[in-house]
Amino acid sequence: MDSKPSPISADIVLLPIVFLMVIWLVYWMDWKDYLQLYQYGVYPRSLKGLRGVIFSPFIHGGLRHLYNNSVALLALLLMLQYFYKGLVWKVLGWGILLSGLGTWLIARESYHIGASGLIYVLVSFMFFKGLLSRYYRLVSLSLLIVVFYGSMVWYMFPDIEDGISWEGHLSGFVTGLILTLFLKTPTYAQRVYKFEWQRPDYNSEEDPFMKCFDEDGNFIIIPKELDDEHWKSNSTNPYRVTLPVVYSTTYTCNSFTK
């Protein structure tokens with residue numbers, strides 16, 4: 001993977017557009033032919049209801065429901081494609097599967113449909129992954145998500161609003177956190193350190209340069225034996241032209257690196 005996020009290209013916007021086309025097409029077919037596709041949603045703790053784990057993100061109960069989810073999905077999928085391109089399919093695949101199973105396990109006995117659970121997966125994953133990476137681009141993304149989607153946290157609790165699947169929201173949020181812990185951070189978030197002291201695991205006590213200073217910040221002069229016979233024999237000559245320069249293959253406080 002590159003050392004920085006990929007530039008914006010047609011490939012990045014393709015997935016969000018295709019995903020939105022699919023859910024709008026499904027809604028249009030359901031509305032046109034009255035297919036009652038809600039029956040393919042997640043129905044808790046029933047074998048038949050397990051099919052909703054895969055199908056429910058593509059099924060919506062009304063235009064308002066579909067529109068709200070479409071706007072959020074477009075923005076979040078674009079962010080995921082741009083900042084986590086190598087993890088897109090893992091986040092989507094595992095996100096849909098685990099959030100659906102979580103809903104199936106804890107939800108009320110009703111059909112649960114919509115892409116809201118996946119939206120909570122994306123929000124949770126990008127928020128926590130950005131903070132844990134400590135890479136400034138991803139941390140900025142986390143803060144941006146808090147600004148735009150921070151209020152979503154209230155909809156993970158019961159009795160906040162009728163007609164929503166708070167269980168699906170909660171399952172999606174927990175799934176995003178789990179994926180944060182098990183999916184490896186993109187390579188570019190680990191190769192941006194120009195200097196050793198910028199790294200999170202930097203230990204100043206092991207830095208050879210920092211060893212040249214005492215605890216008060218004073219430079220330490222370390223005596224060094226002369227290893228050249230010529231300088232040993234002439235070092236006490238008061239009429240020598242220059243001071244001896246001793247080269248070493250290792251870095252010390254009063255030597256040059258050869």
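Which residue forms a salt bridge with E167, and how far apart are the closest N and O atoms? The partner is R108, with the closest N and O atoms 2.6 Å apart. This is a predicted model, in which local features need pLDDT of at least 70, side-chain atom pairs count only at pLDDT 80 or more, and totals for chains, interfaces and linings use all residues. Residues are numbered from 1 along each chain as its sequence is written, and side-chain values use heavy atoms, with hydrogens and water left out.

**Salt bridges**

- Across the whole structure, 2 salt bridges are found, a salt bridge being a side-chain nitrogen of Lys or Arg within 4 Å of a carboxyl oxygen of Asp or Glu.
- The bridge between E167 and R108 links distant parts of the chain, 59 residues apart: E167 belongs to helix α7 (residues 166-182), and R108 to the loop between α4 (88-106) and α5 (116-133).
- Helices are DSSP runs of H or I with at least four residues, numbered from the N terminus.
- E167 is buried at 0% relative accessibility, whereas R108 is partly exposed at 44%.
- Buried means under 20% relative accessible area, exposed over 50%, and partly exposed in between, with a 1.4 Å probe and protein chains only.
- K32 and D33 form a salt bridge with their closest N and O atoms 3.5 Å apart; K32 is partly exposed at 48%, and D33 is partly exposed at 44%.

**Largest pocket**

- The largest pocket has a volume of about 1,100 Å³, the volume being the space filled by probe spheres set on grid points joined across faces, edges and corners.
- A pocket is defined on a 1 Å grid over the protein atoms alone as an open set of points with protein on both sides within 12 Å along at least five of seven lines; lining residues have an atom within 4 Å of a point.
- Its lining comprises 41 residues, with H65, S116, I164, S165 and H169 nearest the centre.
- Two or more lining residues come from each of α3 (63-83), α4, α5, α6 (136-149) and α7, and α3 gives the largest share, 6 residues.
- By class, 19 lining residues are nonpolar, 17 polar and 5 charged.

**Helix α5**

- Of the 18 residues in α5, 14 are buried, so that the helix is mostly covered.
- R134 follows α5 and has a positive phi, near 55 degrees.

Terms used
1 Å grid on protein atoms, 1.4 Å probe; cavity = no way out; pocket = protein on both sides within 12 Å on 5 of 7 lines; lining within 4 Å. Nonpolar A, V, L, I, M, F, W, Y, C, P; charged D, E, K, R; others polar.
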